[in-house]
Amino acid sequence: MENLEKILKQHKLTQEDYQNILNILKREPNLVEIGIFSAMWSEHCSYKSSKIYLNGFPTRAPWVIQGPGENAGIIDIGGGYGAVFKMESHNHPSFIEPYAGAATGVGGIMRDIFTMGARPVASLNSIRFGNITKTDSIGAKHRYLLRGVVAGIGGYGNCMGVPTIGGEMSFEDCYEGNILVNAFTLGIVKNDEIFYGKAEGIGNPVIYVGSKTGRDGLGGAVMSSDSFNEDSKSLRPTVQVGDPFTEKLLLEACLELFKKDLIVGIQDMGAAGLTSSSFEMAGRSGSGMIMHLDKVPTREANMTPYELMLSESQERMLICAKKGCEKEILEIFTKWELDCAIVGEVTNSGKMELYWYNEKCAEIPIAPLSEKSPILKRPVSENPTYLNHIESLKQETLQKLDSNEVFKTLLQSPDVSDKAWVYEQYDSTVQTNTLTKIGSGGASAIRVKENGKGIAMSVACPVRLCYLNPKEGAKQAVAKVGRDIALRGGRALAITDCLNFGNPENPEVMWQFKESCEGIKEACKALNTPVVSGNVSLYNQTNNSDIYPTPSIAGVGVIDDIYHLLRSDFNQEDTEVYLLKSKNATPQFGGSLFAKYFANSIKGEISSINLNDELFLWSVLASAKEHKILKAAVDIYQGGLAIALAKACIKGNIGCKSVQTLDNQALFGESPTQVLIALDSKNVSTLQNLLENSNLHLEKIATLGGETIEISDISIPLSEAKRIYFESFGTTLQTL
């Protein structure tokens, strides 16, 4: 092949990869085949750098119906129903083209859900940007990116009629060259009506349905498996263009299809498009497949087999149908005004055979493509030094700062202040099942009409902790989402993850990844929350600058009693507020929001989590809810105790008066396994009894009432605190 070296470079293939291809094919590949190997062996599709560290994740439990390996994970939620959920990244596309990148990220994760036979019922998102308060070009760029991403999430989700009910966002300098857009969707399915991505049964037809194929998204999987540099603007054509109205039709057509016994399997055409969907379906079943690419519906003229196999045009599915059912399937998709074409059939050859106007244009053994895909054991730093050049924070200086000024600064920061400007662009109540108000904080919850229960879900990642100690930060991320679910009155059952990291060719990044995976394994095992699905996003690096390790975790749990959800705002006069925490939980400045805004560095001691204490805290919250003694409860997270208490009062429109004098470390330091609970004094003894023989500690912090927020030396009129909290974020975006 002419210009082989250039072609391999364009396809991010090494000479070693090429030798493996020769060994598999027993001949030289053509360009179509090189494109297929490139896509399937990309970091995005093959997990070649991460696979060895993902092994060992806890993935099983009596309530787990489907773990990793399918389009999404499924847990049993009772009454014959399951919750189907997954989280995925669309980071690189969203940085290049924020609206389209975020929109197609939402569309893609929804297809993963309804491909399993489930109707999507709720979405969350986890999005991260650079500092939007900067007045320079970087700040302007990230305000532009934020606006585009939020519009894309809202635009697609709203048109699909799927409520966006919660999420999280953060702003750190490390994301200036690589924003993160992680999308989560959950659906409901009958446990005996689940569909899988398989293609089996010799002679069964392979049917293409959905939108026509175009040239958008060409090379998207390969693009997402590389770092950015100054030339990355030229990657815009690799970003897919979504159409939510077509996807809505596709959703309804597929759900109608699933009600009839017409198909063997179905697969979304996501990353690597027709290539990944066809190879994965046949590969899961040990089958072969013939496809006639000239039968694929196209929207652009003169498309080639190479382009058809690698296009990532959106809103497309591949179906393995039962022979003899073709006519009925065609009728369903025609009724919904979608393209539908028989493009191939299942064989027993074990090979993918591609034809172009009756001439074979590619032939690849299916099993070796995945079995011989590269599994890289990249160098891992034994002694990471990336923190060595950072000066440690000066703790004594932070203790001396005026707590009133610290409080106001943190309250108005983009990290803390109310994000109404964002979430008001999302339809959070469509489908009429949303139980929690978006923006209320903590876990979001929906009603499941089919079985009368509720589902709570939360997404989180303490990114600064993950930077300082990836293993500890990952453990605390898993615990955080489970704690949020417990604070709604639910019990966490499983997680999905989206592991966002820098360049895996950097041994210190691989150390961060390895440590984070170990933290997730340890926490999930201790907290009995198996991993049922997930995603890895590497190469989040621009001009040799890596993002913080960001293992985003989304947790899902069941609420048995939806009529007595725990509130997350404090709103009743004369109610007492108590701090319930692990005795080992000492708030620290390291990695805290306080350190970010006021210290010379975030590098400092951090508080480690005791997972046994965390699990016991969940059980105490569950028992307290059963006894109906809690009026409200909130987690202490970014900003520490002072910010958590103030936010709960602001949202409930009530003042508070503390009963303790606290220093800045107690007010603004951060530690896991800490919650604030509101209850009547007569119920304190009942709660104390629940804590017997445990490592948990209860102490009174404040009494609710009045028009002033008073927390130790902090004193601010409730009206001013509300103005700062509710108006700061929107003002930043509108005035800068």
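Start with the buried residues of helix α26: they are Leu718, Ala721, Ile724, Tyr725, Ser728, Phe729, Gly730, Thr732 and Leu733. Here, buried means under 20% relative accessible area, exposed means over 50%, and partly exposed is in between, using a 1.4 Å probe and protein chains only. An α-helix has 3.6 residues a turn, so residues three or four places apart point the same way. Helices are DSSP runs (H or I, at least four residues), strands are E runs of at least two, and both are numbered from the N terminus.

Before going on, keep in mind that this is a predicted model, where local features need pLDDT of at least 70, side-chain atom pairs count only at pLDDT 80 or more, and totals for chains, interfaces and linings use all residues. Residues are numbered from 1 along each chain as its sequence is written, and side-chain values use heavy atoms, leaving out hydrogens and water.

Back to α26, which runs over residues 718–735. Its 18 residues reach 25 Å from first C-alpha to last, close to the 26 Å expected at 1.5 Å a residue (the expected span is 1.5 Å times one less than the number of residues). Follow the helix along and you'll find a bend of about 45° at Glu727, which is the angle between axes fitted to the seven residues ending there and the seven starting there.

Now try α11, residues 273–285. This helix has 13 residues and reaches 19 Å, close to the 18 Å expected. Its buried residues include Leu274, Phe279 and Met281.

Next, look at a pair of helices. The axes of α20 (residues 507–527) and α22 (residues 611–626) come within 9 Å and cross at roughly 40°. That makes α20 oblique to α22, because angles under 35 degrees count as roughly parallel, over 145 as roughly antiparallel, 65 to 115 as roughly perpendicular and the rest as oblique. The contact (heavy atoms within 4.5 Å) is made by Glu522, Ala523, Ala526 and Leu527 of α20 and Leu611, Glu614, Leu615 and Trp618 of α22.

Finally, pick out two single residues. Ser428 sits in the loop between α17 (420–423) and β14 (444–448). Is Ser428 buried or exposed? Its relative accessible area is 11%, so Ser428 is buried. Leaving aside residues up to four places away in sequence, Ser428 touches Pro163, Thr164, Ile165, Thr434 and Ile438. Thr397, in helix α15 (residues 395–400), is partly exposed, with a relative accessible area of 42%.

How values were computed:
Axes are lines fitted to C-alpha atoms, for helices over the stretch in contact, and angles run from 0 to 180 degrees between N-to-C directions.
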